[in-house]
Amino acid sequence: MSDDEKSRLGEFSARLESDDADVVRGALDDYQSAQADTRWGVDNPYWPLANEVRFAARDLLRRPPSGGGHASALTVMWHLAEEEDADLLADALEGAPDAEVREMALLAAGAALAKGEEPNRRLLALITAMVLDEGLEVQDRRDALRALDDLDFPEVEDLIVRVSESSELELQVCAAGYLATPLRLRVHRDRVTRLAKSWPEDAGWVAEHIRREALAGFHSTYWKDTELDDPVLRKAHDELMFPLSDEGCLRAFATLLRSEDPVAVGIALDHYESSEGLRHVLEDEERADAYLPEVLARAREVLRRPMSPAEVSALNMIGTRHAEPGDAGLLLDVLTRTDSDAVRNEAIWMAYGVLDEAEVKDERLVAALGDLIFDPSVGTKETAIRILADSLGADADDILLRALREGEPKVQAHASYYLVRTGGLDRHRAILEEVAESWGDRPPHRPWGEDPIEMIFGRPHSIHWKGHRLADPDLYRAHKRLRAPTVDESYHQALRTLLESDDPAAVGIALDHWWSPDGAVERGGEEARGPERELVLDRIREVLRQPPAPAELGRTYGPEAKHLTALSALDVVAAEEPSLLAEVVEAAASDYVRERALDAVEAVFKDAEEADLRLVEALGNVACEENVPLNDRVRALELLDESPGSNSVDALVRATRCPEVEVQAVAAWGLMWEEVIEDHRAMLEELSASWPVEDAPWEVTRVRDMLDAAGK
């Protein structure tokens, strides 16, 4: 354990031992939050102190309910309660002040009851009384019943049966759901079936689950529409789906597995392989393990038979987990004779296991998988590509390269994906780029959500111009160079080529690479931006004075792509280039550009000690420009009001001379500083007298109030 971990646990332990109940509650909440995060596969860092957490929770529960302390303690006890906590939890349940505490008390109570070989009679009686109390809300009664669901006690099962006959449909369905588990269905299948038939169609998802899954049972994986002809086998199938005992279930399974009916064998293999099958209905699922050798032998026997209907189940049963190098011959026979995509697909996955286990890969099997990729009648080409690439690595290059040259576009995309994944980009860059270029600006498929064009040429394409392909060959080559992972003089030359072009998309792509953290900085650090900085500033200045680009150039962002790119680059340099920012504020090509530039000004002001005079002047000019929308003029004045230092006073005074009351009022409000107000009192009072009394901006009232207060 590191020193940091010891320190954190020491601090946490001290909080648990605090005399302040709020501090203890906060520690319990932190423990529970960390415990909740374990669902993402991370450890609870406070787990070594679980006993201390339990003791602290017990101590809180012994105190009167206050400030959420019981809710926090009970939430922890839901995970940490022991059998000995039953009486304490009964006290908490009886004294629960609200629905939240009662719900958590029930969850914790269920955890404590589950730890005992015999139920705590007081706690069980208390929960039972809640379940049967018709004066409680149905939700409260359901919560109480849920607390008992995992308990394997006769009195609990009797209670669930009793509730299943409730006149309250919600309670009835809830109880039937608890009776519909595989082991309880052994006793209550007829009851649950009768209840399910009586429910309306809209009885809810639990009712739907009972009807469609629990009462239907697991028929098989591949034979769901098949009914066995032999009555003995049909009976065995039903006993396998709904057994009355483990012994009967295993007998039924063996009957199907050892029969001469290939469909019955397939059903048995499906039940053994599926998590919803044999193990799901056994009380002791480990008893199934003894049948594994026989199951595998039977599956291989099926594969030796020509064209057996059970092939797909046999292949699925063996799969990648149980495949052995010696199974190569079986697979070759299956692949040679079958015309079923389902059989091929399972055979390919089994081949994965065969190749993975073999130190020397069977060349016949490799060739057979390769042939599938080029067979126009086969629909499992992509799986074969994956298996070969994952099993062989670079040794699959020849087959994947052939798939690039001869395959249909979707096959090419998958071959490209796996070639790049196995390091083939360095080995076969030229052909990979040639194929990627043949696709145009969109890949024919995205294996696992990845864009193979980006995998080949590099990321990012751009930010605001993604998907656009530059038509000019020189510009296209320059763009390709930007996407490569390294920075050298050729990278900077490519960036300049794009920035100096007359193509707005090329300029936009270059600006995106320059400002985006995934572009130049990702490849060469902050210094990679340096050589083209002045050129970038010129392009920002030009672009933001121009009208939007044609809509068709920006596939996602449309006509705004051009300005969005330049504005993003402006954000990067705004703090160091206030004059450029001021130019954009004053000479914006659109209201949208001006709004975004004002956002940049706000960000700059937040980190500055004194407002730049050029920026202040620009804001003042915008505020007084009658052709600018009123909301932008007001925003400029608000920024002047919030600007650091005192450089904004002259601009605000100037704005008070504008004819619009809204502008005057905001400017005047910006002058309401203790150090400034007296210098301009006469002017402000004259303005105040000219303003309307009714329907005036809120700043009018505030200015008048401030003038009155300052004059007293």
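Rings of Phe, Tyr and Trp (for Trp, the six-membered ring) form a pair if their centres lie within 6.5 Å; planes under 30 degrees apart count as stacked, over 60 as edge-to-face, and the rest as tilted. By this rule, a search of the whole structure finds six aromatic pairs. In the pair of Trp 349 and Tyr 352, the ring centres are 6.0 Å apart and the planes stand at 40°, so the pair is tilted.

The model is predicted: local features need pLDDT of at least 70, side-chain atom pairs count only at pLDDT 80 or more, and totals for chains, interfaces and linings use all residues. Residues are numbered from 1 along each chain as its sequence is written, and side-chain values use heavy atoms, with hydrogens and water left out.

Trp 349 and Tyr 352 both belong to helix 20 (residues 341-357), where they are three residues apart and so separated by about one helical turn. Helices here are DSSP runs of H or I with at least four residues, numbered from the N terminus. Buried means under 20% relative accessible area, exposed over 50%, and partly exposed in between (1.4 Å probe, protein chains only). Trp 349 has 25% relative accessibility and therefore counts as partly exposed, while Tyr 352, at 18%, counts as buried.

Elsewhere, ring pairs join Phe 253, Tyr 272 and Tyr 291 into a cluster. Over the face of Tyr 272 lies Arg 279, at 4.7 Å from the ring centre. For Arg, a charge sits over a ring if CZ is within 6 Å of the ring centre and within 35 degrees of the ring normal. Arg 402 lies over the face of Phe 374 at 3.7 Å.

Terms used. Helix = DSSP H or I, 4+ residues; strand = E, 2+ residues; numbered from the N terminus.
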